[in-house]
Amino acid sequence: MASKQFVIIGLGNSAIFLAKHLTSLGHDVMVIDCHPDKVQDISSSVSQAIVADSTRLKQLSSIPLQKADSVIVCIGENLQASLLTVLNLKELGVKHIIAKSSSAAHTSILEKLGVSDIFHPERDSAISLAERLNRPNMLDFLPFMEGFSIIEIVCPEKFQGKTLKDLSLTHKYGIQVIAIRDPLESVPKIGNIADYVLKENDVLFLIGPNEALDSFKA
């Protein structure tokens, strides 16, 4: 995969994890924050770390943001700073802006400013935890679209020793297994898995309607 350039503005916890992980994936990451101590702490973990106030257009204009594949605004709690930053990025002609939102009102305003790529780390983490509590055998949960999700579960006992063709999950429930991971193997099984015989420790990745996925509670 070709390396990309990302700019992350605002160094809260989610931004720090994001910056470090993108860097570990081989991407060029620049971070910007108005607090020198935060910038100093992460400077050795990213390509470039800059002290700047993103609410001030003049300070942002001196940074080559237009070259980035995406600029991610990770300012969630300070609504005014978040919105001013987005407006400044728009003024500077940044094409792809991703913004963190901390509330429904925040999301609504970001959408009105033309930001279509919005993420909600606290909300999504809480929902994922609630779903795992709701389905005790589920390892992870990812909202897919309204009413549909992708879940990761340990192979239920009633599936073991059977093939996906035997189970006919799509026909019975409208659910599809999109991948199978054997914990002892580094590469998951994707495609042509209809005749694979499921084992006790296999991990299944299922996609389907939320109501149908509820059938797989432990």
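## Overall composition

The protein chain of this predicted model contains nine helices and 10 strands. Of its 218 residues, 41% are buried. Contacts between residues at least 6 apart in sequence include a share of 55% that join residues at least 24 apart.

## Strands β1 and β2

Strand β2 spans residues 28-33 and is mostly covered, with five of its six residues buried. Its partner here is strand β1, residues 5-9; the two strands pair in the parallel sense, and five bridges connect them. Within this pairing, I8 is positioned opposite V31 of β2.

## Strands β8 and β10

Strand β8 is joined to β10, residues 203-209, by seven bridges, and the two strands run antiparallel. In this pairing, I151 has L206 of β10 opposite.

Helix α5 covers residues 104-112, and its buried residues are H106, T107 and L110. These residues lie on the same side of α5, because the arc they cover around the axis is only 100 degrees. The face turned away from that buried side carries A104, E111 and K112, which are exposed.

The packing partners of the buried residues of α5 are helix α4 (79-91) and the strands β5 (97-100) and β6 (117-119). Just after α5, the chain passes through G114, whose phi is positive at about 95 degrees.

## Residue R123 in helix α6

Residue R123 belongs to helix α6, which comprises residues 121-134. With a relative accessible area of 45%, R123 is partly exposed. Although R123 and S101 are 22 residues apart along the chain, a distance of 9.3 Å separates their C-alpha atoms.

S168, which is not a glycine, has a positive phi of about 50 degrees. This residue is located in the loop between α7 (164-167) and α8 (169-173). Its relative accessibility is 25%, so S168 counts as partly exposed.

N192 likewise is a residue other than glycine with a positive phi, here near 50 degrees. Its location is the loop between β9 (176-181) and β10. The relative accessibility of N192 is 86%, and N192 therefore counts as exposed.

## The largest pocket

The largest pocket has a volume of about 290 Å³. Its lining consists of 20 residues, and those nearest the centre of the pocket are G10, D33, C34, H35 and I75. One of these, D33, falls within the range of β2, which covers residues 28-33.

By residue class, the lining of the largest pocket comprises eight nonpolar, seven polar and five charged residues.

Terms used: Residues are numbered from 1 along each chain as its sequence is written. This is a predicted model: local features need pLDDT of at least 70, side-chain atom pairs count only at pLDDT 80 or more; totals for chains, interfaces and linings use all residues. Side-chain values use heavy atoms; hydrogens and water are left out. On a 1 Å grid over the protein atoms alone, a cavity is a set of points where a 1.4 Å probe fits but cannot get out, and a pocket is an open set with protein on both sides within 12 Å along at least five of seven lines; lining residues have an atom within 4 Å of a point. Grid points are joined across faces, edges and corners, and a volume is the space filled by probe spheres set on the points. Ala, Val, Leu, Ile, Met, Phe, Trp, Tyr, Cys and Pro count as nonpolar, Asp, Glu, Lys and Arg as charged, and the others, Gly among them, as polar. Two strands pair if DSSP finds at least two bridges between them. Helices (H or I, at least four residues) and strands (E, at least two) are DSSP runs, numbered from the N terminus. Buried means under 20% relative accessible area, exposed over 50%, partly exposed in between (1.4 Å probe, protein chains only). The arc is that of the directions from the helix axis to the C-beta atoms. Contact means heavy atoms within 4.5 Å.
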